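Biologist: Please put the model up. I would like to go through its strands and helices with you.

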Amino acid sequence: MTTHALWTAEGLAMACGGTWDGAPPDLLSGFTLDSRIAEPGDVFIALKSNRDGHDFVGAAFASGAVAALVSRDYVRSAGDGALLRVDDTQAGLEAIGVGARNRLSPSAYVIAVTGSVGKTGTKEMLRLAFSVFGATHAPEKSFNNHWGVPLTLARMAADTRYGVFEIGMNNPGEITPLSRMVRPDVAIVTTVAPVHLGQFASVDEIAEAKAEIFQGLDAEGTAILNRDNAYFDFLARRARARGAAVLSFGQHVDADCRLVTAHADAAGTTAQVVCLGEDHSLRLNVPGAHLVMNALAVLLAARASGCDVAHAVRALEAFNVPEGRGVVERIAMPDGDVVLIDESYNANPASMAAAISVLELPRAGVNRRVAIVGDMLELGEDGPALHAALAEDLAAAKVNAVFACGPLMAHLYEVLSAEQKGGYAPTAEALMEAVLRAVKPGDAVMVKGSLGSRMGPVLAALKSHLLKNQAS
């Protein structure tokens, strides 16, 4: 929520084609879809999805909301405040988002990022880098779907100088309407990898879906692409067909922003970069060469937007990975520390390989490397083979013990060496006891899996167990 008016009541009604029922509030300073966290000044959006938001309108007003966007057939209840009635609340939210984009100054820059992996981390880097140049707006968490993107647009102030948006998808055709809503000046595709194969026949189809981000890019826009990815040429053709300029990043000799060297340690990563002919030394205070690659895309976005790359480089020194995407915590124990690497938010083959490579890094006081992994979902018929293939990454990283759960991770566990097999269970809950018994002082432990594999509770239980035993 902002402390100033984000919309006027009249402007909001005009944007969504709605009609006020009740006295419109004087201050509209935010939007929420969650009645439990509504604050004074918020408009509650009653979407109909898995649960009908209209059932929670009263709770939203009780929490402090000053208005609610509802369907025209919603029946007012006692305690309801101002209602903004529309034919369809999802369409109404989208119209508000479009209205927010339209009211930006012509001099504002909007940057959108998609890709099989790295979207959220890149979005956070963009937020950080552009904040040094002017008022910057970006989504909370991973608000990158059919409701998250228009909600983020709706929350964008009219005086925003730089708008940053993350756009995701699970199925073909989902990115196009979101890109046309955002209308980016700069579109970034971090990479194309075998993710969501359960909904696509091939990685080629995934690349085609990612190319939808160019549908909102105008002829003066810029596409920023991974030069090392096998789909670079394909994506570049798609972008140029829209009339956009193409800039590239990576280790490839022809990359416009090229990674020359990178050195990762437990505390971070130092890289030497040549960005459009300029040499830069980049330091991220988080480990992982894959994060440096995302940073290269951010530097190109700064350049494409007319900003000083050197200032963006310095801004990125303050970057921290979002929760569940590589946060490292050292827990002091009587007989030695335990290092926890929280990668529990989500997983696919590319991000799993990157997380395993971070586990490999030398850390003071670490004796064993332990991987606790759950199923990577939505991989279709290739799932078993993609899980088994992780054995090579685990062996290369010299991981000492692997704890795995889920029917797909059974294919990995079968091909591990006997020395690496720490334990297997069909579910995360069933694996938990073995993990708590096995982790010891001097271990570096990485926890990762798709959201549906419920690795977050495993990490939480392990952390609680270690903290409880700190003094014993």
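Modeller: Some questions and answers on the sheet and a helix pair follow.

Modeller: This is a predicted model, where local features need pLDDT of at least 70, side-chain atom pairs count only at pLDDT 80 or more, and totals for chains, interfaces and linings use all residues. Residues are numbered from 1 along each chain as its sequence is written, and side-chain values use heavy atoms, with hydrogens and water left out.

Biologist: In β4, what is the bridge partner of Ile-45?

Modeller: β3 (residues 42-45) pairs with β4 (residues 67-71) in the parallel sense, over 3 bridges. The partner of Ile-45 in β4 is Leu-69.

Biologist: Are α4 and α9 parallel, perpendicular or oblique to each other?

Modeller: Axes are lines fitted to C-alpha atoms, for helices over the stretch in contact (heavy atoms within 4.5 Å). Angles run from 0 to 180 degrees between N-to-C directions; under 35 is roughly parallel, over 145 roughly antiparallel, 65 to 115 roughly perpendicular, the rest oblique. α4 (residues 119-131) and α9 (residues 289-304) pack at about 45 degrees, axes 9 Å apart. The pair is therefore oblique.

Methods: Two strands pair if DSSP finds at least two bridges between them. Helices (H or I, at least four residues) and strands (E, at least two) are DSSP runs, numbered from the N terminus.
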